[in-house]
Amino acid sequence: MKRRNFIAALGASGVLTALGNTASAEPNSERNLSGSEINNVIVLVGDGMGFDPVEATRFVHGDLAMQSMTSVGKVQTEPRAGQVTDSGAAGTALATGLKAHDSQISVFGPEDAEEEDDFTPIMTQLQAAAAVGKNTGLVTTTTMTHATPGSWGANVPDRDMQPEIADHYLENEIDVLLGAGVDIWSDDQIEVAEELGYELLYEADDLEAAGDGKLLGLFDEGQMTYTLDRDDTIPWLDTMTAEAIDRLEGEDGFFMMVEGGRIDHANHQCDPWTSISETKEFDDAVQVALDYAEDRDDTLVVVTSDHECGGFTCGNDYGNVLDLDSLESGIEGSLESLAIELQESDNPDLEARIEEYVEFEGELDDSDLEEIQTTYDEGEADWGLDSVIGRAVSPHVGIDWGGKMPDDYITSHTGPSQLAVASGPGVNATAGNWFHLADLSATVSALMIFGGVDQINEDERAQWERQICQRGPKNTRDAYLALEYLGPADDTLTEELDVNGDGVVDLADVLAIAGIDSEAGHAETSQPDQSSILATNR
């Protein structure tokens, strides 16, 4: 099998020496199994945030918080099959250390399988954190049950199973859940949440006044309203991040995933104004995490993207080509809001309204206007007319798009590697390399559970593999090294490491080998119910 590769840039070595050959271990006052200082882990994911939106945001708003962090390499994103991932497969790789097929949420199974026995739930970092006594939280600007947060908090075969993802959150009793999508949650689920002790929050004022217990914040009906359209009843991502940290702090530490989820949506809609605004909001949340960690020696902050979206191209000529004034403040709201307004109007003057709504140099050409009119006539506003307007207007402010889907209005995800930056104990700027999202996940899990990353030479590895095949895994050192073998149990070595016998080496096996009870781990996998599946943005 292909092993996971630990990312040396993310943490200090020496963990194998610290672990020794202890037969078993429990989390202790020194915070993890090697006695190192990493107690808190904050992973921030810019969904669909390629390098170009980051650079465009820097040009418009100045240096970004994430750009002050240490680059630990470039992260590859492909799913189990193919070259271009969706957020389900990418989120699963980040959350579990295992590759998945598109649309799968922290399960391992064949593509397009339908039977319950075809899927194995995979323990996630968040579930592992809870198993070792840490508080846990998920924060997002998408629906709370969208693919990325779902990948850390649930185990379902299809990302569209958002009601089932909500069930898994409640089963796992995640301490802090802040996002949107109240319409997805049934009355029964809300009642269960209250019975479990969650304080329910629906507006920014509710969050400001919230107590110190478990929080379930659902601040919008569907996706969280874009920053360019948002009013003060909806909290901003930096505020949600700060409030989550306040609730999650504790002696045993915490794990939290924060997602800037609507960067992806803006790029699907070819809207550079909204993409830049959403990226800036995400970076403000990064700053909150860095401010929290600045005076501490026990907190790891990791920032990455799950994939690129839209083929966002920052610059379409040489020299000073970006219209920075327009990109910062030269638009009334998102292109989504414009498209909805136009579609709800009776025979509007499309050209005049677009030129009033968006500041840009030059004029739209006849072919663009013809496509805009045709799309308007077809009645496709959201993820239709907005995308067509975006592709027409963007070149006038120095932005282009390269990822248009065939026979569709919107752009798709693309396949290039993404940024990975970090701040915290032992982060090393000289050790960066190319690696996969699953490698990043395994490394973060090694730091959270064992306190460091370390390598053994090939002779030592061969000897260790022979020992495992002969006697099975017995101690914390074996548990640590098992992290490099996350994946299907498809040979004698991995079958020995798969101590719970479910066909997959995952974090549940790692914890079991280390002597940690993980019964509070992942929920049972749920099955697709076509009547409850909601259409979602990929």
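User: Why are helices α3 and α17 called roughly parallel to each other?

Analyst: Helix α3 covers residues 87–96 and helix α17 covers residues 437–450, and they pack at an angle of about 30° with their axes 6 Å apart. The axes are lines fitted to C-alpha atoms over the stretch in contact, with angles from 0 to 180 degrees between N-to-C directions. Angles under 35 degrees count as roughly parallel (over 145 roughly antiparallel, 65 to 115 roughly perpendicular, the rest oblique). The pair is therefore roughly parallel. As background, this is a predicted model, where local features need pLDDT of at least 70 and side-chain atom pairs 80 or more, while totals for chains, interfaces and linings use all residues. Residues are numbered from 1 along each chain as its sequence is written, and side-chain values use heavy atoms, without hydrogens and water.

User: Which residues meet where α3 packs on α17, and how do they divide into nonpolar, polar and charged?

Analyst: From α3 come Ala90, Ala93, Leu94, Ala95 and Thr96, and they meet Leu437, Ala438, Leu440 and Ser441 of α17; contact means heavy atoms within 4.5 Å. Seven of these residues are nonpolar, two are polar and none is charged.

User: What makes Met256 count as buried?

Analyst: Buried means under 20% relative accessible area (exposed is over 50%, partly exposed in between, with a 1.4 Å probe and protein chains only). Met256 has 0% relative accessibility, so it counts as buried. Met256 sits in strand β9, residues 254–260. Beyond neighbours within four places in sequence, Met256 is in contact with residues including Val41, Ile42, Val43, Gly137 and Val139. From Met256 to Leu126 the C-alpha distance is 7.5 Å, although they are 130 residues apart in sequence.

User: How do you know that the buried residues of α14 line one face of the helix?

Analyst: In α14, residues 350–357, the buried ones are Leu350, Arg353, Ile354 and Tyr357. Seen down the axis of α14, they fall within an arc of 100°, so they line one face.

User: What makes α16 mostly covered?

Analyst: In α16, 12 of its 13 residues are buried. Among them are Trp383, Asp386, Ile389 and Arg391. The buried residues of α16 pack against α10 (262–268), α11 (272–294), α13, α14 and α15.

User: Which residues have the most contacts inside the largest nonpolar core?

Analyst: Leu10, Trp152 and Trp185 do, in a core of 85 residues. Helix α17 gives the largest share of this core, 10 residues. A second, separate core has 40 residues, including Val176, Leu248, Tyr292 and Val301. Looking at Leu10, its contacts, not counting residues up to four places away in sequence, include Val72, Leu300, Leu440 and Leu447.

User: Why is Ser103 called buried, and what is its phi?

Analyst: Its relative accessible area is 17%, so Ser103 is buried. The phi of Ser103 is near 80°, positive in a residue other than glycine. Ser103 lies in the loop between α3 and β3 (107–108).

User: And where is Cys270, and is Cys270 buried or exposed?

Analyst: Cys270 is in the loop between α10 and α11. With a relative accessible area of 0%, Cys270 is buried. Cys270 is not a glycine, yet its phi is positive at about 55°. Most residues other than glycine have a negative phi.

Key. Helices (H or I, at least four residues) and strands (E, at least two) are DSSP runs, numbered from the N terminus. Ala, Val, Leu, Ile, Met, Phe, Trp, Tyr, Cys and Pro count as nonpolar, Asp, Glu, Lys and Arg as charged, and the others, Gly among them, as polar. A nonpolar core is a set of buried Ala, Val, Leu, Ile, Met, Phe, Trp, Tyr and Cys residues joined through side-chain atoms within 4.5 Å. The arc is that of the directions from the helix axis to the C-beta atoms.
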